[in-house]
Amino acid sequence: PNDKLAIGVIYRAVNRLLQNPANDQNLSDITIINHSLCDTNSPFVRRPSPWAALLDHYSHHHRLLFIVSAGNITSSFPVETYTDLAAFKAAPAAQREAAIILAIERSKGTRGILSPAESVNNLTVGAIHAESIANPPQYVTDPYPVLGMTNLASATGFGVNRSIKPDLVEQGGRFGAQAINHPDGHVEVYPAAAPDLGHGVAAPSATGALNNVIRTAGTSNAAALVTRTCNQIADAVEDTFKVEGINWLTLRTRVPILKALISHGCSWGDIGTFLEENYPPSDSKQWSKRRDTITKFLGYGRPQFDRVVNGAENRVTLLAEDQISHEEMHPYQIPLPKALFNTNDLRSITITLAWTTPIVTTTADYRGVLLQITKGKGTKEFWDGTARSGVFQPNGRTSERGTLIHLRLEGRKVIAEALRDGMFIGVQARSTHPSQEKAPAPYALAITLEMAQSQKTNLYVDVATEIQNRANVRSTVRTPTRVKG
């Protein structure tokens, strides 16, 4: 409504949702809220907006996960490779694609995320230039005919305290590249919607038809698809916990569980490899700046639902959940099955840590509680012979600036004898303000062990057997680590 603030509408709507569960059990089970809405007049700049703070409050104190669209930037950007519109249209598609990718990178400073996408406790989603339509119509100039880059309208990061935003990306439909001549002797390009491009979505009908569909593109589409994937993961989590007689929806950690699992299968894929080889700065010694530039577009990458919920003989995922407070450290000893020893075949470990934090709006960091993944005492790597260097992914220091840490390590070196007792991973907490020293932060830790497909073993069975026979991952009143196949 024109006479109401958007933040007020959201506030009243969510409050009504929270006040009704006593009379409606279905409402009390709601965990995921699709928030495909941004303020086009309020791009994020340094400090979190009241709207983002509202979502962060609901997420931590009321166990709600908001899937927030990063926002659509429809303004034009210069492509100085071409002197005029005719040259732009006549260029080979692959050359034009490379020119647009480099041009939009140079313009990233004016294409930041829109509030409340800077929310730290929730997931922000960018849009990939992809959809189900195989080929765009002839009258549309496809900016990315080969590469799965973020679409021309998808807003870029970073977020609060230079944290990773968007957190991940998903199909957002395609925009055409519309170009116009600029007086300075180059072309300006902007995203152009077309009736034959984008996702098919339900829309109001002038005649009252109930099956009317139009095509749209943007980060709202991507957020909707991530919300759907989150629902599917929630179903799998419910089945897993039900085996142990636990209703996971009653857990204080239900939001971090979903955050960790939907992010656990993320990767940059082929586009990450291309950008690593072509994005500036080209100097190999400045790889850190280049990774940060790529992260502003892709976050942690695109979720891979099957890798999280479906098992494989060469892959097993472990899940832990708990609460932690200031200056506490929770140690986890991850059992390594015998199949991983005495071989130099490729193996990998993926670690994802997610949490929610109370917010402190008077501090620069804004997060009340920070969590870190720690290695064993005196060790340089989590797992001898594996390292981050072989995988294109966000910088470790950049990853630690939010409430989601996701890293993947690979290697072929024969595992040292010292690891036969298991691999140590610690979760450590620190408060940023005296008022938060006693504030517990709920978290979830997901760990996937994976071997090369050539290995003739059932890793899931091997790990489960190791856990049952000789390891309690946490020696507490309850064991929070659960094995998923």
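**Close-up 1. Arg307 and Glu450 form a salt bridge.** The closest N and O atoms of this pair are 2.6 Å apart. A salt bridge here is a side-chain nitrogen of Lys or Arg within 4 Å of a carboxyl oxygen of Asp or Glu. Arg307 lies in helix α10 (residues 305-309) and Glu450 in strand β16 (residues 441-451), so the pair ties together parts that are 143 residues apart in sequence. Helices (H or I, at least four residues) and strands (E, at least two) are DSSP runs, numbered from the N terminus. Arg307 is partly exposed, at 21% relative accessible area. Glu450 is buried, at 12%. Buried means under 20% relative accessible area, exposed over 50%, and partly exposed in between (1.4 Å probe, protein chains only). Shared partners join Arg307, Arg408, Glu410 and Glu450 into one network of salt bridges.

The model is predicted: local features need pLDDT of at least 70, side-chain atom pairs count only at pLDDT 80 or more, and totals for chains, interfaces and linings use all residues. Residues are numbered from 1 along each chain as its sequence is written, and side-chain values use heavy atoms, leaving out hydrogens and water.

**Close-up 2. Lys165 and Asp167 pair through their side chains.** Their salt bridge spans 2.8 Å, N to O. Asp167 is buried, with a relative accessible area of 6%. Lys165 is buried too, at 2%. The whole structure holds 11 salt bridges.

**Close-up 3. Helices α8 and α9 pack together.** Helix α8 covers residues 269-278 and helix α9 residues 287-298. Their angle is about 145°, and their axes are 10 Å apart. Axes are lines fitted to C-alpha atoms, for helices over the stretch in contact, and angles run from 0 to 180 degrees between N-to-C directions. From α8, Ile271, Gly272, Leu275 and Glu276 make the contact (heavy atoms within 4.5 Å). From α9 come Arg290, Arg291, Ile294 and Leu298. Arg290 and Glu276 also meet in a salt bridge (3.2 Å, N to O). The two residues are 14 apart in the chain. Both Arg290 and Glu276 are buried.

**Close-up 4. Helices α1 and α3 pack side chains against each other.** Helix α1 (residues 6-19) meets helix α3 (residues 50-62) at about 15°, with axes 10 Å apart. That makes α1 roughly parallel to α3 (angles under 35 degrees count as such). Residues of α1 in the contact include Ile10, Tyr11 and Val14. Among those of α3 are Trp51, Leu54 and Tyr58.

Definitions and conventions
Parallel < 35°, antiparallel > 145°, perpendicular 65-115°, else oblique.
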